[in-house]
Amino acid sequence: MKRIRKGDDVVVIAGKDKGRRGTVSRVVSDDRVLVEGLNVVKKHQRPDPNKGVPGGVVDKEMPLHISNVMLWNAKAEKGDRIGYRVEGEGDAARKVRYFKSNGEVVDG
């Protein structure tokens with residue numbers, strides 16, 4: 001179980017986009033996430049007529065390290081740390097993520 005998953009609202013806590021919020025569009029590897037509209041760089045792209053790709057300078061989203069983002073807590077209106085706990089007992093028990101500041105469960 002990962003602390004940050006696809007579809008989570010996150011806030012960047014370090015780097016050039018510090019303070020900006022976005023939604024995780026993809027978890028690239030164990031330690032990198034792609035956030036919509038954040039960490040955009042200019043990439044000089046060569047034309048490829050076989051694939052129909054035009055050349056030029058394009059904007060591209062690059063992955064952020066997972067340590068540079070925090071899950072957004074809408075009730076507290078700030079980035080928050082995540083913990084795990086087991087809710088329920090026996091066969092109905094399930095592991096859930098919760099916000100450390102107020103104890104509220106992240107996963108509905």
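The charged end of Arg-21 is placed over the ring of Trp-72, at 4.2 Å from the ring centre. This arrangement is found in a predicted model. A second case involves Lys-95, whose charged end sits over the ring of Tyr-84, 4.8 Å from its centre. For pairs of aromatic rings, by contrast, the count is 0.

The largest pocket has a volume of about 150 Å³. Its lining consists of Arg-3, Ile-4, Ile-66, Val-69, Met-70, Leu-71, Asp-80, Arg-81 and Ile-82. By residue class, this lining divides into 6 nonpolar and 3 charged residues, with no polar ones. Strand β7, spanning residues 69-73, gives the most to the lining of the largest pocket, contributing 3 residues.

Leu-71 is one of the residues that line the largest pocket, and it is located in strand β7. The relative accessibility of Leu-71 is 3%, so the residue counts as buried, the limit for that class being under 20%. With residues up to four places away in sequence left out, Leu-71 touches Asp-8, Asp-9, Val-10, Lys-78, Gly-79, Asp-80, Ile-82, Arg-97, Phe-99 and Val-106. Among these partners, Asp-80 and Ile-82 also belong to the pocket lining. Leu-34 is 37 residues from Leu-71 in sequence, and the C-alpha atoms of the two residues are 14 Å apart in space.

Two loop residues were also examined. Asp-17 occurs in the loop between β1 (9-12) and β2 (21-29). Its relative accessible area is 9%, and Asp-17 is therefore buried, as the value falls under 20%. Apart from neighbours within four places in sequence, Asp-17 is in contact with Val-12, Leu-38, Asn-39 and Val-40. Of these, Val-12 falls at the end of the range given for β1.

Lys-51 lies in the loop between β4 (40-45) and β5 (56-61). Here the relative accessible area is 68%, so Lys-51 is exposed, the threshold for this class being over 50%.

Definitions and conventions
Residues are numbered from 1 along each chain as its sequence is written. This is a predicted model: local features need pLDDT of at least 70, side-chain atom pairs count only at pLDDT 80 or more; totals for chains, interfaces and linings use all residues. Side-chain values use heavy atoms; hydrogens and water are left out. Helices (H or I, at least four residues) and strands (E, at least two) are DSSP runs, numbered from the N terminus. Buried means under 20% relative accessible area, exposed over 50%, partly exposed in between (1.4 Å probe, protein chains only). Contact means heavy atoms within 4.5 Å. Rings of Phe, Tyr and Trp (its six-membered ring) pair if their centres lie within 6.5 Å; planes under 30 degrees apart count as stacked, over 60 as edge-to-face and the rest as tilted. A charge sits over a ring if NZ of Lys or CZ of Arg is within 6 Å of the ring centre and within 35 degrees of the ring normal. On a 1 Å grid over the protein atoms alone, a cavity is a set of points where a 1.4 Å probe fits but cannot get out, and a pocket is an open set with protein on both sides within 12 Å along at least five of seven lines; lining residues have an atom within 4 Å of a point. Grid points are joined across faces, edges and corners, and a volume is the space filled by probe spheres set on the points. Ala, Val, Leu, Ile, Met, Phe, Trp, Tyr, Cys and Pro count as nonpolar, Asp, Glu, Lys and Arg as charged, and the others, Gly among them, as polar.
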